[in-house]
Amino acid sequence: MAAPVFLDIVDPWVNWDWLSTHIPTVLAALGQHVTLTAIAVAGGLAISLPLGIAANRWTNLHLRPAELAVFGGFYTIPSIALFALLIPYTGLGTVTAEIPLIGYNVLILLRNILVGLDAVPRDVIDAADGMGYRPLARLLRIELPLALPAIFAGLRVATVSTIGIVTITAVIGLGGLGQLIYKGLIESFHTPLVVATVLSILLALVADVALAGVGRLAVPWSRGA
Amino acid sequence: MLRSRESGAWPSRGHEGPEAVAIVESVMRWLADPAHWQGSDGIPTRLAQHLQLSGESVAIGALIALPIGIGLGHFGRFGNLAINISNVGRAVPSFGILVIAFQVFGLGDLPIVIALTALAIPPMVTNSYVALREVDPDVKDAARGMGYRRWAQLLRIELPLAVPLIMAGIRTSAVQVVATAALAALIAGGGLGRYIIDGLAQQDYTKEFAGALLVAVLALATEASLWGVEQLLVPRGIRLLQVPASRQATAFKTA
């Protein structure tokens, strides 16, 4: 049976020869992926933490759905649409990539920061006041530590989601591991596609487990509870 | 990379004020142009494709995910599996899954629907599981005491009480599927994402911007309309209970 020639050259899912000679390429993509993710999560935390503290201190619980809805609308808009809307203003590159990513993380983190801070029992706050804590000391040493488990839960969701969405920034010239997925798409070459997808999943799972571990270390008093 | 970074953007870059106005004007002209409202690349066709791809994927996903989540929640088994499926689902890059499906199944709607269905399943499993687990055990005891059999208890007591969170899970899935369907254009699919991807490739930034607006509006409309359906489906008894806002669906974003 004479099979057509092109069927003889089957592209394997992972061509180990290509991979062994392209390890620097893969590592560079992984490095960009980690950087883009770190900026997005750190930026999200830097914005959501003051917002959350202010909302917890000065606004009523009944306003929570309205406050979160402001960022909920932004969260609903697909990343590809936000990238495309930003390109005329911020061009192709990191700024265009990070604005949506940071905005998404603000919603996730704000929601969790408020869940954590709003749940600090009234008795605990009264006790702290009675012991002579000033507002700032009470926030830093009583309220935020008690909210840490909820904040870490938010950080895990934010980090894992961001790692997935970063691949889409390939359409604006970045992408991290998404660059390799894009390469796999335009060249119909399976290896970078599969390697990048698997690495992206592994990166997300490793980050999730690591943050869970750090979160546990950060609240030693709740261990064994 | 679809085009090099230094190639021209909008005519007058760097002048935010007039430039912003120029963009809005040209996008409005594009959207108002009757030529963009007819034919195989017209907005109605692209919208129909987008809704069809998303609708099929959410429907197939719901048929698979809801029985699993409701079953696991009702019997209280494999809770870790039900919860962790969302964590793992979140870790899967939608772009990678779409391209892999494209390489396996080739051109057409099939790879898109398969990839979108896979993305639609996790939030629906997790949220329907949690919805059933959160039904007050006292209520279940009372139902049993009143003589409800297992199926009657599930259908007439547990499911109505679980409706808000189950619906929130479906809404979360649907919004993500609509968002991810915009990426289908990258693997030669249809839908509104075509304008974004074609606009970028052709350096037609008016088309790209108009497409982004359409995709954003569609995602927001999906969220709003499913939220409306949710309100209609919530049994009156639960609405009177004023379920707290903390009973939100697990956050899930893939695109």
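Helices here are DSSP runs marked H or I of at least four residues, numbered from the N terminus. I kept that in mind throughout. The model I looked at is predicted.

**Entry 1: helix H2 of chain B**

I began with H2(B), which covers residues 43-75. Just after the helix comes Gly76(B), and its phi is positive, at about 70°.

**Entry 2: H2(B) against H5(B)**

Next I looked up H5(B), residues 109-133. H2(B) and H5(B) pack with their axes 6 Å apart. The angle between them is about 30°. Angles under 35 degrees count as roughly parallel, so H2(B) and H5(B) are roughly parallel to each other. The crossing is right-handed. I then sorted the residues of this contact by class: 20 are nonpolar, nine polar and three charged.

**Entry 3: H2(B) against H7(B)**

H2(B) also crosses H7(B), at roughly 145°. Their axes come within 9 Å. This crossing is right-handed. Which residues of H2(B) meet H7(B)? I listed His50(B), Leu53(B), Ser54(B), Ser57(B), Val58(B), Gly61(B), Ala62(B) and His74(B). On the H7(B) side, the residues include Leu154(B), Glu158(B) and Ile170(B). By class, the contact has nine nonpolar, six polar and one charged.

**Entry 4: H8(B) against H9(B)**

I moved on along chain B. The axes of H8(B) and H9(B) come within 7 Å and cross at roughly 155°. Angles over 145 count as roughly antiparallel, so that is the label for H8(B) and H9(B). Is the crossing left-handed or right-handed? H8(B) passes H9(B) in a left-handed crossing. From H8(B), the contact residues include Tyr195(B), Ile196(B) and Asp198(B). From H9(B), they include Tyr205(B), Lys207(B) and Leu214(B). The classes are eight nonpolar, three polar and three charged.

**Entry 5: where the chains touch**

Then I looked at the contact between the chains. Chain B brings 41 residues to it and chain A brings 45. On the chain B side, H3(B), H4(B), H7(B), H8(B) and H9(B) each supply at least two residues. Which helix gives the most? H9(B) does, with ten residues. I sorted the chain B side too: 28 residues are nonpolar, eight polar and five charged.

Last, I checked H8(A), residues 135-166. H8(A) has 32 residues, and a straight helix would reach 46 Å at 1.5 Å a residue. The end C-alpha atoms of H8(A) are only 38 Å apart. I looked for a bend and found one of about 50° at Leu148(A). A proline, Pro149(A), follows within four residues.

Notes
Residues are numbered from 1 along each chain as its sequence is written. Chains are lettered from A and ligands numbered from 1 in the order in which they are written. This is a predicted model: local features need pLDDT of at least 70, side-chain atom pairs count only at pLDDT 80 or more; totals for chains, interfaces and linings use all residues. Axes are lines fitted to C-alpha atoms, for helices over the stretch in contact, and angles run from 0 to 180 degrees between N-to-C directions. Angles under 35 degrees count as roughly parallel, over 145 as roughly antiparallel, 65 to 115 as roughly perpendicular and the rest as oblique. A crossing is left-handed if the near helix is turned anticlockwise from the far one by less than a right angle, and right-handed if clockwise. Ala, Val, Leu, Ile, Met, Phe, Trp, Tyr, Cys and Pro count as nonpolar, Asp, Glu, Lys and Arg as charged, and the others, Gly among them, as polar. Two residues are in contact if their C-beta atoms, placed from the backbone, lie within 7 Å. The expected span of a helix is 1.5 Å times one less than its number of residues. The bend at a residue is the angle between axes fitted to the seven residues ending there and the seven starting there.
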